[in-house]
Amino acid sequence: MADRSRGFMRDEFVTYAYILLYIALSSGQIFFNKWVLSSKEINFPYPLGLTLLHMIFSSVLCFLLTRVLKVVKVEEGMTLEIYVTSVIPIGAMFAMTLWLGNTAYLYISVAFAQMLKAIMPVAVFILGVAAGLEIMSCRMLLIMSIISFGVLVASYGELNINWIGVVYQMGGVVGEALRLIFMEILVKRKGIKLNPISLMYYVSPCSAICLFVPWIFLEKTKMDGNGPWNFHVVVLTLNSLCTFALNLSVFLVISHTSALTIRVAGVVKDWVVVLVSALLFADTKLTVINLCGYAIAIAGVAAYNNHKLKKEASRVTSETPGDAEAIPLVSQANTER
């Protein structure tokens, strides 16, 4: 009995450790990206270049883990037709999301960017209805209205609003919503279920190519114009490693808990980012209106998550436990922003 009790306590400790690791890595990566892009010491104001570096680093590490060291097994079932019709669009939207989201940090504060991201469920739902994946209902309309109202209130309370940054951030939101829609299609209609490592194995190279083309035309000339490339290799490598570790932490949390836990942890992370950024960055000035609006939006997001989880639970009851776990895994891979 004592051994069973100790085993239970040990499992609980490991679970909480993984949750804290996810929250720390997720919020820390946002701060890390902001610092790299805006710091005069690092002098790397190239969001395209930074995101491209992340994708190249992820591609190499995923290849080493799956094909060389064989620590993680790549999920089977991928075909050329599925790769062309699903993975490439997902990779393109992933690239767009990270590129635009990181660019927004050059114009708006981390806290305000996080508040604008709360509109994500609205974008996902609207696009889901258009794609035939969601059904319009009075309840969902109310939830979307609450989220939208909260984001509007938070935006109204922003003291130093920069509309260029808002456009970039909203573009990133649309890109992420499209990525999630393509993921839903990949899972529902094509039956492919991937854990984050397998997903990044397939998606990262495609995203890197999608980022490389605009980088050549938009940032390479700027980087060349500043003289010989002299980058902080250690800092940029550590930044890329943290991005990869973040995706791995999502896998660990879900494999030891559930989709509900990762979503609750995500809400906690959002508040941590908003509040801590006010202490770390001089461009973050929170107001009461900011926080009230964000609280309203988060309440709507919580209602949306609860609604989605009930739908997922009813959908997977007829599936095996292993299959049921795979569905939420794919929707959580992008958490570095």
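Which backbone oxygen does the side chain of Ser249 reach, and at what separation in Å? The side chain of Ser249 reaches the backbone oxygen of Leu246 at 2.6 Å, a polar contact being a pair of N or O atoms within 3.5 Å, where, within protein, one atom must be able to donate a hydrogen and the other to accept it, and where residues adjacent in sequence count only if both atoms are side-chain atoms.

This is a predicted model, in which local features need pLDDT of at least 70 and side-chain atom pairs count only at pLDDT 80 or more, while totals for chains, interfaces and linings use all residues. Residues are numbered from 1 along each chain as its sequence is written, and side-chain values use heavy atoms, with hydrogens and water left out.

## Overall build

The protein contains 13 helices and zero strands, the elements being DSSP runs numbered from the N terminus (helices are H or I with at least four residues, strands are E with at least two). Of the 337 residues in the protein, 51% are buried, where buried means under 20% relative accessible area, exposed means over 50%, and partly exposed lies in between (1.4 Å probe, protein chains only). Residues 24 or more positions apart account for 87% of the contacts with a separation of 6 or more, a contact meaning heavy atoms within 4.5 Å. The accessible surface of the protein comes to about 15900 Å², of which 70% belongs to carbon and sulfur atoms; such areas come from the Shrake-Rupley method with a 1.4 Å probe, and for residues only the protein chains shown count as cover.

## Individual residues

Ser249 lies in helix α10 and counts as buried at 1% relative accessibility. Not counting residues up to four places away in sequence, Ser249 touches Leu21, Tyr22 and Leu25.

Ile181 is found in helix α7, residues 163–188, and is buried with a relative accessible area of 9%. The C-alpha atoms of Ile181 and Gly128 are separated by 6.4 Å, although these residues are 53 residues apart along the chain.

Thr287 sits in the loop between α11 (259–280) and α12 (288–316), yet Thr287 counts as buried, at 17% relative accessibility. A polar atom of the Thr287 side chain lies 3.0 Å from the backbone oxygen of Gly157, and, with neighbours within four places in sequence left aside, Thr287 is in contact with Gly157 and Leu159.

Lys70 is found in the loop between α2 and α3 and is exposed, with a relative accessible area of 63%. Lys70 has a positive phi of about 55 degrees although it is not a glycine. Most residues other than glycine have a negative phi.

## Pockets and cavities

The search for spaces uses a 1 Å grid over the protein atoms alone: a cavity is a set of points where a 1.4 Å probe fits but cannot get out, a pocket is an open set with protein on both sides within 12 Å along at least five of seven lines, and lining residues have an atom within 4 Å of a point. Grid points are joined across faces, edges and corners, and a volume is the space filled by probe spheres set on the points.

| Space | Volume | Lining by class |
|---|---|---|
| Largest pocket | about 260 Å³ | 12 nonpolar, three polar, no charged |
| Second largest pocket | about 200 Å³ | nine nonpolar, one polar, two charged |
| Second largest cavity | about 30 Å³ | four nonpolar, three polar, three charged |

In these classes Ala, Val, Leu, Ile, Met, Phe, Trp, Tyr, Cys and Pro count as nonpolar, Asp, Glu, Lys and Arg as charged, and the others, Gly among them, as polar.

The largest pocket is lined by 15 residues, of which Phe44, Gly49, Leu53, Phe231 and Leu236 lie nearest its centre. Two or more lining residues come from each of α2 (47–68), α8 (196–218) and α10 (233–256), and α2 gives the largest share, five residues.

The lining of the second largest pocket includes Pro45, Trp99, Tyr168, Glu219 and Lys222, and α2 and α3 (80–104) each supply at least two of its residues.

The whole structure holds two cavities of 30 Å³ or more. Among the residues that line the second largest cavity are Ser109, Phe112, Glu158, Asp283 and Asn290, and helix α4 (residues 110–117) gives the most to this lining, with three residues.
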